[in-house]
Amino acid sequence: MIGMQRPARIMVGAWVHFAGQVRMIVGVTAKSATLSDADGGQVEVPIGELTDDPDFAVVDLPVRTPLPA
């Protein structure tokens, strides 16, 4: 499938620096990411707006542990 894809590091559980705050990604769609808010709420941000923000950086990624044998 050819088309727009979100950057690989934008995933649920990742912590990002956006708009002067560190926020956790709590939801992702093809077009937007839902970020935790400092007040305990959530804010939906278009992926382009998120990655184009001069403050944007992925701060931490969730650790995936292997399944037991």
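Reader: What share of the 69 residues in the protein is buried?
Author: Happy to start there. This is a predicted model, in which local features need pLDDT of at least 70 and side-chain atom pairs count only at pLDDT 80 or more, while totals for chains, interfaces and linings use all residues. Residues are numbered from 1 along each chain as its sequence is written, and side-chain values use heavy atoms, with hydrogens and water left out. Buried means under 20% relative accessible area, exposed over 50%, and partly exposed in between, with a 1.4 Å probe and protein chains only; among the 69 residues, the buried share is 25%.

Reader: Which residues are on the covered face of strand β1?
Author: Strand β1 covers residues 15-18. In a regular strand, side chains alternate between the two faces of the sheet. Here Trp15 and His17 are on the uncovered face, and the covered face holds Val16 and Phe18.

Reader: Which residue in β2 is the bridge partner of Val16?
Author: Two strands pair if DSSP finds at least two bridges between them. β1 and β2 (residues 21-28) run antiparallel and are joined by four bridges. Within β2, the partner of Val16 is Arg23.

Reader: And in β5, what is the bridge partner of His17?
Author: β5, residues 57-60, also pairs with β1, in the antiparallel sense and over three bridges. The β5 partner of His17 is Ala57.

Reader: Is Ser32 buried or exposed?
Author: Ser32 lies in strand β3, which spans residues 32-36. Its relative accessibility is 7%, so Ser32 counts as buried.

Reader: What is the length of the polar contact between the side chains of Ser32 and Glu44?
Author: A polar contact is a pair of N or O atoms within 3.5 Å; within protein, one must be able to donate a hydrogen and the other to accept it, and residues adjacent in sequence count only if both atoms are side-chain atoms. For the side chains of Ser32 and Glu44, the value is 2.7 Å.

Reader: Why does Val22 count as partly exposed?
Author: Val22 is found in strand β2. Val22 counts as partly exposed because its relative accessibility is 47%.

Terms used:
Helix = DSSP H or I, 4+ residues; strand = E, 2+ residues; numbered from the N terminus.
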